[in-house]
Amino acid sequence: MGDVAMTIPVLRAFTAQYPNVKLTVVTKPFFRPFFKTIPNVEVFEANIKTKHKGVFGLWKLSKELKALQFDVVADLHNVLRSRILKLFFFGKQVVQIDKGRQEKKALTNGQSFKQLKTTHQRYADVFEKLGFKIDLTHPVFPKKANLSSKYLDVIGSDLKPWIGIAPYAAFVGKMYPIDLMKTVIEALSKTHKIILFGAGNNEAQNLEAIANPIENTINLAGKFSLEEELDIISNLDLMLAMDSGNAHLASMLGVKVITIWGVTHPYAGFLPFNHTMDSVILADRKVYPKIPTSVYGNKLPEGYQNAMRSISPEVIIEKAITALK
């Protein structure tokens with residue numbers, strides 16, 4: 001989800017700078033709402049679990065896409081599925097993203113420690129190779145969504161600033177401990193409206209248990225569709241998230257974001273769009289020198305289970321309050 005969300009600022013810049021070029025975005029149906037605020041973009045749904053599943057399904061997908069008479073292909077994913085699809089586009093120019101795998105490998109194995117090219121710039125590079133240079137330095141974001149009573153009946157309509165908090169991540173090494181996050185929520189809820197975001201099922205139940213006893217705190221997990229959640233996120237004053245998809249959802253909508261990093265690091269290129277290192281909170285690399293242990297956080301070396309605990313709740317609370325001044 002985060003990878004798709006990171007394409008949005010780049011596509012928005014593209015359509016602003018090349019208004020006469022039509023973009024057709026091939027993506028999963030679930031991600032369609034991401035693109036609703038971008039003009040001149042058509043979403044073509046790839047149903048990779050049904051009719052577009054497997055090699056034969058990708059061949060069918062290629063036939064459907066070629067009927068649209070596109071001119072060139074920008075592969076912003078560069079995975080096995082898109083490489084197979086590329087073979088079916090014989091005769092069409094296809095440029096695939098350079099993910100910088102060797103540079104990232106050097107970063108995660110300790111051979112180097114430096115800021116790598118951002119994922120947003122890597123996306124822009126694909127378009128430049130196709131003849132469309134994109135300037136990402138003057139972003140324009142969509143307006144905040146108008147929230148009807150359907151939303152406000154759940155969230156409330158008081159005038160406290162809204163802080164979204166997304167405490168979960170795909171891997172435990174990227175997640176701030178829940179007991180410490182409760183301390184953060186309790187402190188910030190005294191002067192702000194706290195809105196908790198997460199996926200359905202277990203996350204929703206856990207977030208409900210966190211929100212219930214804390215004043216000015218609401219759990220939204222499992223209560224709204226993705227499109228509706230995006231409308232709510234667009235109205236936040238601040239999003240506090242891990243190195244996760246919610247950080248990128250907020251930043252693509254122009255919302256101020258603070259990210260908390262455990263065993264991953266922004267140097268790998270996943271800093272939220274239009275943000276700087278001033279917006280991040282990092283685990284103590286002096287104590288945990290192998291950070292980043294991987295690009296995506298799926299490797300947790302022995303002894304690194306408590307890397308996130310090197311960040312005190314007070315540091316996060318102060319950072320959030322300062323960001324809202």
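In this predicted model, Lys36 is partly exposed, with a relative accessible area of 42%. Its salt-bridge partner is Glu227, at a distance of 3.4 Å from N to O. Glu227 is likewise partly exposed, at 36% relative accessible area. Lys36 sits in the loop between strand S1 (23–27) and strand S2 (41–45), and Glu227 belongs to helix H9 (residues 226–233), so the pair ties together parts that are 191 residues apart in sequence.

In total, 13 salt bridges were counted. One of them joins Asp158 and Lys193, with an N to O distance of 2.7 Å. Asp158 lies in the loop between helix H6 (149–155) and strand S5 (162–166), and Lys193 lies in strand S6 (residues 193–196), 35 residues apart. Asp158 is partly exposed at 30% relative accessibility, whereas Lys193 is buried at 6%. A further salt bridge links Asp243 and Lys174, whose closest N and O atoms are 3.8 Å apart. Asp243 is in the loop between strand S8 (238–242) and helix H10 (245–252), and Lys174 is in the loop between S5 and helix H7 (178–188), a separation of 69 residues. Both Asp243 and Lys174 are buried.

The largest nonpolar core holds 59 residues, of which Phe34, Phe35, Phe197, Ile232 and Met239 touch the most other members. Helix H1 (residues 2–17) supplies the largest share of this core, eight residues. Beyond its neighbours within four places in sequence, Phe34 contacts residues including Met1, Val4, Ile8, Leu230 and Met252. A second, separate core of 31 residues has among its members Ala169, Leu207, Ile210 and Ile214.

Terms used
Residues numbered from 1 in each chain as written. Predicted model: local features only at pLDDT ≥ 70, side-chain atom pairs only at ≥ 80, totals over all residues. Heavy atoms only, no water. Core = buried A, V, L, I, M, F, W, Y, C linked by side-chain atoms within 4.5 Å. Buried < 20%, exposed > 50% of the residue type's maximum accessible area, 1.4 Å probe, protein only. Helix = DSSP H or I, 4+ residues; strand = E, 2+ residues; numbered from the N terminus. Contact = heavy atoms within 4.5 Å. Salt bridge = Lys/Arg side-chain N within 4 Å of Asp/Glu carboxyl O.
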